[in-house]
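Trainee: I would like to learn how to read the packing of helices and strands in a model. Please take me through one case.

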Amino acid sequence: MPPAPRPTVLAAALLLLATTTGCSLLAAPTTGTPGGPAPVPPKQVVLAAAQMLDDTGSARIDVVQEGPGGRRTASGSLVWGASDEAALTVTDELGSGRLTVKDGALDLVYQGGAAKHAERSTAESVDPGAGPDPEGFAGGWTTALITGPGGRAYAVAQSVKLGSLGGEQLAGVTAAHYQGSAPVAELFGKDEELSPQRRAATLDWYRQHGVTAIGYDVWVGPGMQLLRLRETVRGSAGTTVTTTDVSAPGAADATPAAGG
């Protein structure tokens with residue numbers, strides 16, 4: 001699980017962003033406008049957005065994954081901080097189900113089917129495409145669903161050199177769109193959050209699937225709102241794109257139900 005953003009790391013970014021009020025500055029091309037303020041570097045924008053979301057302690061996510069294996073979806077609420085919780089409705093190759101997280105334990109129950117149980121450290125084992133090793137890697141779908149989007153955006157900002165694609169209309173606002181990619185070996189080879197066994201399994205999975213690099217897109221809206229994350233994986237079997245839309249939950253959604 002990516003580390004949560006740290007205030008000491010983000011202090012400079014937040015200070016720089018404190019004087020920016022419109023999204024046009026964030027979305028400006030990297031060349032800037034003669035005589036105007038320089039655009040904020042993408043890394044600092046994404047780090048600040050990650051911190052803003054992390055500080056809220058909860059979010060609603062809507063996730064769509066499309067690739068050679070078909071289409072998967074998930075939607076629901078995440079809570080992080082003192083205790084991580086989740087309540088998500090999912091659809092995948094096995095049908096529709098309910099994924100919940102409570103006190104570090106995962107339960108995935110399909111309609112009319114048997115339940116799958118795992119701990120956070122073995123979350124990948126509930127993926128329909130998982131192998132027999134509970135500590136193996138199955139592509140990251142389940143891990144992404146139970147990891148706070150702020151933590152994921154923080155990891156992307158720290159590991160990927162992002163460039164600006166300008167402003168786009170998203171969720172009714174003008175959002176700054178950033179894009180970049182990084183070699184798999186750099187993304188996971190030195191990840192101290194992974195055990196040696198899990199790191200080896202992850203790198204081996206990407207190697208077997210012919211994936212050498214992973215692409216990322218990040219959209220940030222006014223007020224440093226992290227609106228969307230996208231991961232693009234191109235390999236020998238084709239291209240898989242996973243898009244996560246993020247929105248703050250309402251009061252009624254702030255704490256997911258513990259049951260399915």
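Mentor: This is a predicted model. Start with helix 5, which lies across strand 1, strand 2 (70-79), strand 8 (173-183), strand 9 (213-221), strand 10 (225-235) and strand 11. Helix 5 runs at about 60° to strand 10.

Trainee: What is the secondary structure of the protein as a whole?

Mentor: The protein has seven helices and eleven strands. Of its 260 residues, 45% count as buried. Among contacts between residues at least 6 apart in sequence, 52% join residues at least 24 apart.

Trainee: What is the order of the strands in the sheet?

Mentor: The general idea comes before the case. In a regular strand, side chains alternate between the two faces of the sheet. Here the sheet is open, with eleven strands in the order 6-5-4-3-2-1-11-10-9-8-7 and antiparallel pairing. Strand 6 (115-119) and strand 7 (163-170) are at the edges; each has a single partner strand, so one side of each lacks a neighbour in the sheet. With direction ignored, neighbouring strands are turned by 15° against each other on average.

Trainee: How many bridges pair strand 1 with strand 11?

Mentor: Strand 1 (residues 58-67) and strand 11 (residues 238-247) pair in the antiparallel sense over seven bridges.

Trainee: Which strands does strand 4 join, and through how many bridges?

Mentor: Strand 4 (residues 95-102) is joined to strand 3 (residues 85-92) by eight bridges, and the two run antiparallel. L88 has L99 of strand 4 as its bridge partner, and a hairpin of two residues links strand 3 to strand 4. Strand 4 is also joined to strand 5 (residues 105-110), again antiparallel, by six bridges. There, G97 has Y110 of strand 5 as its bridge partner. The hairpin of strand 4 and strand 5 has two residues between the strands, and D103 in this hairpin takes a positive phi near 55°.

Trainee: How are two packed helices described?

Mentor: By the angle between their axes and the distance between the axes. For helix 3 (residues 42-56) and helix 5 (residues 149-159), the axes come within 8 Å and cross at roughly 160°. That angle is why helix 3 is roughly antiparallel to helix 5. Their crossing is left-handed.

Trainee: Which residues make the contact?

Mentor: Helix 3 contributes K43, V46, L47, A50 and L53, and helix 5 contributes P149, G150, A153, Y154, A157 and Q158. By class, this contact has eight nonpolar, two polar and one charged residues.

Key: Residues are numbered from 1 along each chain as its sequence is written. This is a predicted model: local features need pLDDT of at least 70, side-chain atom pairs count only at pLDDT 80 or more; totals for chains, interfaces and linings use all residues. Side-chain values use heavy atoms; hydrogens and water are left out. Two strands pair if DSSP finds at least two bridges between them. Helices (H or I, at least four residues) and strands (E, at least two) are DSSP runs, numbered from the N terminus. Axes are lines fitted to C-alpha atoms, for helices over the stretch in contact, and angles run from 0 to 180 degrees between N-to-C directions. Angles under 35 degrees count as roughly parallel, over 145 as roughly antiparallel, 65 to 115 as roughly perpendicular and the rest as oblique. A crossing is left-handed if the near helix is turned anticlockwise from the far one by less than a right angle, and right-handed if clockwise. Contact means heavy atoms within 4.5 Å. Ala, Val, Leu, Ile, Met, Phe, Trp, Tyr, Cys and Pro count as nonpolar, Asp, Glu, Lys and Arg as charged, and the others, Gly among them, as polar. Buried means under 20% relative accessible area, exposed over 50%, partly exposed in between (1.4 Å probe, protein chains only).
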